[in-house]
Amino acid sequence: MPEEVQKGLEDVVALASRITFIDGNEGRLVYEGYDIRDLAERSTFEEVAYLLWYGRLPSATQLRDLKERLRPLREIPEELRALLARLPASAGPMDALRTAVSALAILEPGETKTGESSIGGALRLTAALPTIVSEQNRRRQGLEPLPLRPELDHAAHALYLLTGREGNALENRSLDVALILHADHELNASTFAARVTASTLSDLYSAITSAVGTLKGPLHGGANERVMELLRAIDTVDRVEPVIKEKLARHERIMGFGHRVYKVEDPRATILRVWSQRLGEAAGNLRWYDLLRKVEEVVHREKGLYPNVDLYSGSVYTLLGIPDDLFTPLFAMSRVAGWTAHVLEEYEDLRLIRPVAQYVGPNHLAYVPIAERPD
Ligand code: SDX
């Protein structure tokens, strides 16, 4: 008989993986053996994607080849452009992204394979997601899609696609770091959804469609949007304490705080706090940073909670000119590297993921014909 139910599979070890290690007590995040602080300081998103897919850092030649393979894959087929143009302007960006990944599987069946050949699909989706998010964002505003800029590296191109303008070196680097920080996070809900799908030998694109649908949930994606809404509502530093205390008194969740695994500060929050300050200083606008520092102080004092990745990411994206409702699609643009790495790993050592439930319903009931059932 199964053990006691662990609601939400909390602390359940579901599988072995060599991709990401999280030490929740020490606040450490490690991709394939490399500490996230080193990667955020010294790596790039393309290099980290290679690391997640191949399990090692690329040589200079391998990184150059990867970039050359990714660039043409930023283009999306005319049929997909037409589909994005036909979506109602009211379509949410995550719904549009989920639809587009699914449609791309139909338009490019060769890429959606299972097994070791799905690395092509991993490259394709990683390169194409920024284009898809940008196209739908522009179309819903009645704007023409932006011409792609193959000379720009991945993060700089993503920033250009999301804002319509080319970033400066500081802005491009800040987005590159944010993409590195969001690239993987072990068995978070959307990654687990992708692995469950892949474990049935369904194709890579179906697994990523599952992941996008899962990330859309507000307990997983979107907390950074809520953080920015909260900051705008609070408006000034002197109002932080009363507003936060009132929310906590009503047992409301303060977005950007708490985590299922981290028992101390999320190391990604530590890094994003620095970038939020750097961008704020460069823009002469420390409003968000100052408010967040005060929110942190009050929430930690009143509830003992630590910030997670979502507390400062919204301020970074806002300072970059990225609209709130593109924050979660941006999360997906990064996490697609981790999602696809986990799907590849699942295919390498496949085992159908099928847990059991503890049955708590009735049993051995006698069937009563409908004519004999009381109204
Ligand atoms: C991400 O899994 C991943 O790795 C996800 C992610 C990734 O990279 O993929 O890290 C990305 O999803 C980051 C999390 C973004 N979401 C939020 O910031 C939403 C707010 N946070 C919470 O909803 C919550 O902290 C969770 C969902 C993140 C974790 O919740 P748990 O582990 O299920 O904890 P819980 O709900 O059981 O709460 C434990 C206690 C409760 O207090 P009591 O009712 O027992 O008194 O802590 C309290 C909660 O009320 N609590 C909070 C809180 N988070 C937990 N109280 C106020 N504000 C919060 N944010």
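Student: Which atom of Gly 256 lies 2.9 Å from an oxygen atom of the ligand, backbone or side chain?
Tutor: A backbone N or O atom of Gly 256. That is a polar contact, meaning a pair of N or O atoms within 3.5 Å; within protein, one must be able to donate a hydrogen and the other to accept it, and residues adjacent in sequence count only if both atoms are side-chain atoms. A caution: this is a predicted model, where local features need pLDDT of at least 70, side-chain atom pairs count only at pLDDT 80 or more, and totals for chains, interfaces and linings use all residues. Residues are numbered from 1 along each chain as its sequence is written, and side-chain values use heavy atoms, with hydrogens and water left out.

Student: What about His 220 and the ligand?
Tutor: A backbone N or O atom of His 220 is 3.0 Å from a ligand oxygen. With Asn 308, an N or O atom of the side chain lies 3.0 Å from an oxygen of the ligand.

Student: Which residues come nearest to the ligand?
Tutor: His 185, Arg 253, His 259, Arg 268 and Arg 335, out of 21 around it. Being near takes a heavy atom within 4 Å.

Student: New topic. How is the chain divided?
Tutor: Domain 1 is 21-219 + 325-348, and domain 2 is 223-319. The bounds come from an automatic or database domain assignment. Their centres, over C-alpha atoms, are 26 Å apart.

Student: How many residues are in contact?
Tutor: 26 of domain 1 with 22 of domain 2, counting heavy atoms within 4.5 Å.

Student: And how much area do the two domains bury?
Tutor: About 2,100 Å², 72% of it on carbon and sulfur atoms. Buried area is the accessible area (1.4 Å probe) that two parts lose on being put together, summed over both. In domain 1, Leu 170, Leu 181 and Phe 327 lose the most to domain 2, together 28% of what that side buries.

Student: How many salt bridges are between the domains?
Tutor: 0. The rule asks for a side-chain nitrogen of Lys or Arg within 4 Å of a carboxyl oxygen of Asp or Glu. There are 4 residue pairs in polar contact across that interface, both residues at pLDDT 80 or more.

Student: What is the overall salt bridge count?
Tutor: 38. One of them joins Asp 95 and Lys 216, at 2.9 Å from N to O.
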